[in-house]
Each structure stands twice: as structure tokens, then as C-alpha cells.
Amino acid sequence: MLNRFGQDYFGVTINAETSPEIYIRNDLPKIVQKSVLAHEKEHAKNKGGYEWQSWIAGFKASPVGWALSVIMSLRWSRIKMYPILTAAIVMAIGFGLLMRFG
Ligand SMILES: [Zn+2]
């Protein structure tokens, strides 16, 4: 699903301020959809709210689905949205592997 900026999202809430409508991609694993739905519901409840509040809601709904959604986000269409965050995660994983197997 691409938003108006051409960015790739798993779910989106539109009209959060007035009459919220939630859209979730239907090609995601059920457990990921559960986390994404909770994320978007939090946006709808808080008239948009803060992104971190929705992330917490998504994590609470399904920690496994949340973790999977993070892993599934590691695709170029999303990586280019968060280049510094992605670089930090890749370095952390690389460092972890080095400590474990290096
Ligand atoms: Zn969000």
C-alpha cells in the first residue's frame, strides 16, 4: 500500500480527526495484521495521536506480530524512509553477531 507520498505502509488511518477509517493490507500474516490494527485503532482513538503511542498499542496487542512487522519493514521501500534508524539496527545486529560468533 502506497500513501500519497509514495511510501509503503502496512496500515493507515484516514480522517482520524473526524470519522476515522482504517485500512490494513490484506497480504500480511494474521498476527501482523493484529498488531497493525491495534496501531491504527490507537491513531483513530487519539485523533491521530503520536506515532510512539500507536507503536506501544501495536506491541501490546501482539508482541510477536509487532516484532514481525518490524522485520518485514526491512525492505528498501521503507528503509529509505528511515535511513539512519536502519543503519543503526543493521550495525547493532552485526555487532551482536560478532559478539556471539566472532
Ligand atoms: Zn502510525
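Student: Which pattern does the protein chain follow, read along the sequence?

Tutor: Helices (H or I, at least four residues) and strands (E, at least two) are DSSP runs, numbered from the N terminus. Here the pattern is β-β-α-α-α-α-α, with 5 helices and 2 strands. Residues are numbered from 1 along each chain as its sequence is written. This is a predicted model: local features need pLDDT of at least 70, side-chain atom pairs count only at pLDDT 80 or more, and totals for chains, interfaces and linings use all residues.

Student: Where in the protein chain is confidence lowest, and where is it highest?

Tutor: The predictor's confidence in each residue is its pLDDT, from 0 to 100. The mean is lowest in helix H4 (residues 76–79), at 66, and highest in helix H1 (residues 30–45), at 94. The protein chain averages 85, and 87% of the residues score at least 70.

Student: Why does glycine 49 count as partly exposed?

Tutor: A residue is buried if 20 or more other C-beta atoms lie within 10 Å of its own, exposed if 12 or fewer, and partly exposed in between; C-beta atoms are placed from the backbone. Glycine 49 is partly exposed because 15 other C-beta atoms lie within 10 Å. Of the 102 residues of the protein chain, 18% count as buried.

Student: Where is the place of glycine 49, between which helices?

Tutor: Glycine 49 is in the loop between H1 and helix H2 (51–61).

Student: Which residues is glycine 49 in contact with, leaving aside its neighbours within four places in sequence?

Tutor: Two residues are in contact if their C-beta atoms, placed from the backbone, lie within 7 Å. With those neighbours left aside, glycine 49 has contacts with Glu42, His43 and Ser54.
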